[in-house]
Amino acid sequence: MIFDIHTHNFKAGSRDLYGEARRHGIGRILLLGDVLRHGETPTEEQVREINDDTIADVRTHRDIADGFCFMNPALDPEFIRSEVARCFAEPGMKGVKLEISLCCRSPLMDTLMEELEKYQRPLLHHCWFKTTQKYPNESDPTDIAVLAKRHPKVRIVMAHLCGCGYRGVEMIADCPNVYVDTSGGQPEDGFLQYAVKRIGAGRLLYGSDAPCRDFGCQLNKVLDAGLPADILEKILWTNAMELLK
Amino acid sequence: MNKVFDVNLSVGRWPFRRLPLENPSRLTAALRAAGISGGLVRSLEAPFSMNIYEANDALYELCRDHSELIPVPAVRPDFGLWRDIKAPAAALFPSYHQYSLLDPDTLEMVGALLEKKILPMIVIREEDERGQHPLCKVPPVPAAEINGLAEHFPGKPVIALNAYAGEFRFFTAPNLYADLAFSETFPALAYTVENFGTERLLFGSHAPFFCLHSELSKLDWPKLSPEQISNISSKNIERLLYGK
């Protein structure tokens, strides 16, 4: 079985996400929302609209999809609390996704992290070590490590292994509450093998970033890594099921 | 199963990290396991080597015992070896070697290569620019410049390697071919095939940087006909290399 922990339900221009997942033998996908529809720093109304769509998509595709609530953690704490509560009341809404609204070192993260700890739900955070094209508030693995150490009881998925690279894995190696998803950029060889050696298969999760990326291309990056079957099973299925139960 | 020939392979040593299949023995074993018959291979050292003669010598040495690997020597207009090379193709790294494809010296070199039926292969990039070493930011070769080069030699084939899907829209010259290694939309080849077609599209994996099976999986798309898959996999490049 395969669980893709990093997909986006874009409202416009997206082809058949669910059909493509099935075609590639993917049994479940996690919808993270149309996170950049309203730019880098969405308002409360815009966040609510994005979450309304994810909730509707999860309801429609419950046989294959779970979802995460999207949030701009720089918004008013009362809104954060109420919107998270609203989303988590929905079956299948299992955690929170953050993008590039706020660097996650910020103390403004604390309200959201306290809610996640209270509900015992995971955070999936965009992350990249970039030489060029970095967004002003984009988080890198050093930021994720700071957040993880300040909130050790919240499980955090650091997105984009291939964008974070070797150094990114090093940054979170001593943070047992940080997981890493395999998505991010081109299907580069070598990073996954390194991550398995350095932090173990128990903290790695398959993710494609579809439809920004292609299911088959990203899935074969995992299947092509020369890993034993028991490790593959953890990365492709077991770890996600345990994280989201 | 279709014959698959890979136009975008490298061997040697990339300066910034080790690559699992950088060794030609491991690469050829992986190619065989993936059902790829062989390919055009360039040097991982050539982009940064101060002496491309050395890089080319090392490339030929590495490929010597592997008949399925066809060496593609590096050329640049300010090194005179392009006048003497004998190979089916030559690799150009304009960004790494810091010249324009439209400089008169470059046009002279490319014209001479084409006269000798040597395919010029323009390497747009070797890496996603976002992941480059922070002290070594190499810009991509502008897609419009590659198209301009192809337009300068109408009817003569020019190959672009490692174009992002969005760059294909600049490739309007009918003699400009390109590989699929960096082309990944949803599904992977949707944008590229819709905007560029399949008659000039070539299978290139960009191994050992990229995973072979990830690149092969792009051909597994129901909208591609068997003929289109065959053209991309091998027929298009065979026409260029052997005229068949």
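A residue is buried if 20 or more other C-beta atoms lie within 10 Å of its own, exposed if 12 or fewer, and partly exposed in between, with C-beta atoms placed from the backbone. Helices (H or I, at least four residues) and strands (E, at least two) are DSSP runs, numbered from the N terminus.

This is a predicted model, in which local features need pLDDT of at least 70 and side-chain atom pairs count only at pLDDT 80 or more, while totals for chains, interfaces and linings use all residues. Residues are numbered from 1 along each chain as its sequence is written, and chains are lettered from A and ligands numbered from 1 in the order in which they are written.

**Stop 1: helix H4 of chain A**

Select residues 110-119 of chain A, helix H4. Leu112(A), Met113(A), Glu115(A) and Leu116(A) are buried here. Seen down the axis of H4(A), the buried residues fall within an arc of 155°, so they line one face of the helix. The arc is that of the directions from the helix axis to the C-beta atoms. Now show what covers them: H3, E4 and E5 of chain A are included. Contact here means that the C-beta atoms of two residues, placed from the backbone, lie within 7 Å. Step on to Gln120(A), which follows H4(A) and has a positive phi near 55°.

**Stop 2: helix H2 of chain A**

Select residues 44-60 of chain A. Helix H2 has 17 residues. From its first C-alpha to its last it reaches 24 Å, close to the 24 Å expected at 1.5 Å a residue. The expected span is 1.5 Å times one less than the number of residues.

Which residues of H2(A) are buried? They are Val47(A), Ile50(A), Asn51(A), Thr54(A), Ile55(A), Asp57(A) and Val58(A). They cover an arc of only 165° around the axis, which puts them on the same side of H2(A). An α-helix has 3.6 residues a turn, so residues three or four places apart point the same way. Turn to the other side of H2(A): Glu45(A), Asp52(A) and Thr60(A) are exposed there. The cover over the buried residues of H2(A) includes strands E2 (28-31), E3 (65-70) and E4 (93-98) and helix H3 (77-88) of chain A.

**Stop 3: loops of chain A**

Pick Ala12(A), in the loop between strand E1 (3-7) and helix H1 (17-23). Ala12(A) counts as exposed, with 6 C-beta neighbours inside 10 Å. Draw a distance from Ala12(A) to Arg37(A), 25 residues apart along the chain: their C-alpha atoms are separated by 9.3 Å.

Next, Gln133(A). It lies in the loop between strand E5 (123-125) and helix H5 (141-150) of chain A. With 10 C-beta neighbours inside 10 Å, Gln133(A) counts as exposed.

Then select Ala210(A) and Pro211(A). A cis peptide bond joins them, with omega about 0°. Pro211(A) sits in the loop between strand E8 (204-205) and helix H8 (215-223). Most residues other than glycine have a negative phi, and most peptide bonds are trans.

**Stop 4: chain B as a whole**

Switch to chain B. Its average pLDDT (the predictor's confidence in each residue, from 0 to 100) is 97, and 99% of the residues score at least 70. Chain B has 8 helices and 9 strands. Of its 244 residues, 52% count as buried. Along its principal axes the C-alpha trace spans about 45 × 40 × 40 Å.

**Stop 5: helix H4 of chain B**

Select H4(B), residues 104-115. Thr106(B), Met109(B), Val110(B) and Leu113(B) are buried. Seen down the axis of H4(B), they fall within an arc of 95°, so they line one face of the helix. They pack against strands E4 (74-75), E5 (89-92) and E6 (119-123) and helix H5 (143-152) of chain B. The face turned away carries the exposed residues Pro104(B), Glu108(B) and Glu115(B). Just after H4(B), Lys117(B) takes a positive phi of about 60°.

**Stop 6: a cis bond in chain B**

Go to Phe186(B) and Pro187(B). The peptide bond between them is cis, with omega near -15°. Pro187(B) is in the loop between strand E8 (176-179) and helix H6 (190-196).

**Last stop: the interface**

Show both chains. The contact takes 26 residues from chain B and 26 residues from chain A. The predictor gives the complex an ipTM of 0.95 and a pTM of 0.96.
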